[in-house]
Amino acid sequence: MRMASDTASIFAATADSLPDPEQALLRARAFAEPLIGSEVLDTGENTLAHADAVVLILRLIGGSEAMQAASYLVYACEHLNKPQEAIAKGFGDNFATLALETTQLVRLQRQARQVQAAGARSAAIPMAQTAAAQTENVRKMLLAFSRDLRVVMLRLASRLQTLRHFAQTKLPLPPGLAAESLQVFAPLANRLGIWEIKWEMEDLAFRFLEPDVYKQVARQLDEKRTLREGFME
């Protein structure tokens with residue numbers, strides 16, 4: 001797959017594939033809020049709060065308003081009886097297709113994590129082998145869906161917010177998410193040239209995977225910063 005070399009060109013390409021109906025972002029949030037306002041993701045985070053944060057991430061890296069609106073529709077999908085019809089009627093076929101494809105990828109990833117958890121509980125399958133298989137499965141899934149860069153970008157923003165959520169709440173990160181973020185999502189962000197997501201995702205994943213080393217490096221950097229500031233003064 002050929003990737004664009006910079007974020008601006010990627011967002012320009014994705015924006016062209018999504019119409020920008022009037023007040024799309026406000027309408028999408030209003031559409032989703034009754035469906036997800038009191039729902040909770042399997043990470044424990046409120047679904048609407050997660051969607052709001054994903055929108056902010058997309059906005060900060062240059063995503064169009066239509067792209068931001070799509071993030072609300074993705075999370076609303078899970079709570080609609082006929083999501084294709086409902087979203088197409090209110091926002092058009094392009095939004096409906098994007099929301100459904102992204103939801104499908106989320107479900108596949110969730111199923112893969114469940115398989116990993118079941119394998120980890122089995123004494124016959126070593127933990128490292130199970131984690132490696134899970135990482136490879138997620139990599140294949142993302143590559144399969146990468147023909148639509150919009151899906152990939154929504155998933156990158158969502159994963160970054162998930163890492164932020166666990167960092168802020170100091171809750172234990174579910175097994176495999178940190179390694180998956182470091183080995184699959186961050187390299188994909190790198191290939192897309194979305195450096196902001198790549199760097200922060202690597203930093204947070206390292207923080208979860210090697211907490212003691214992370215604290216040591218952070219302390220050393222802080223000490224050097226103090227020395228630099230003294231030198232500049």
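**Close-up views of helix packing**

**View 1. H50 lies in helix 3.** Helices are DSSP runs (H or I, at least four residues), numbered from the N terminus. The model is predicted: local features need pLDDT of at least 70, side-chain atom pairs count only at pLDDT 80 or more, and totals for chains, interfaces and linings use all residues. Residues are numbered from 1 along each chain as its sequence is written, and side-chain values use heavy atoms, with hydrogens and water left out. H50 has a relative accessible area of 1% and is therefore buried (under 20% relative accessible area, 1.4 Å probe, protein chains only). Apart from neighbours within four places in sequence, H50 contacts L41, E45, Y75, S158, Q161 and T162 (contact: heavy atoms within 4.5 Å).

**View 2. Helix 3 (residues 47–60) packs with helix 8 (residues 149–169) at an angle of about 115°.** Their axes are 9 Å apart; axes are lines fitted to C-alpha atoms over the stretch in contact, and angles run from 0 to 180 degrees between N-to-C directions. From helix 3, H50, A53, V54, I57 and L58 meet residues of helix 8 that include M153, L154, A157 and S158. This contact of helix 3 with helix 8 comprises eight nonpolar, four polar and one charged residues (Ala, Val, Leu, Ile, Met, Phe, Trp, Tyr, Cys and Pro count as nonpolar, Asp, Glu, Lys and Arg as charged, and the others, Gly among them, as polar).

**View 3. Helix 2 (residues 24–36) and helix 5 (residues 83–91) cross at roughly 150°.** The axes of helix 2 and helix 5 come within 11 Å. A24, R27, A28 and F31 of helix 2 make the contact with A86, I87, G90 and F91 of helix 5.

Terms used. Helices (H or I, at least four residues) and strands (E, at least two) are DSSP runs, numbered from the N terminus. Buried means under 20% relative accessible area, exposed over 50%, partly exposed in between (1.4 Å probe, protein chains only).
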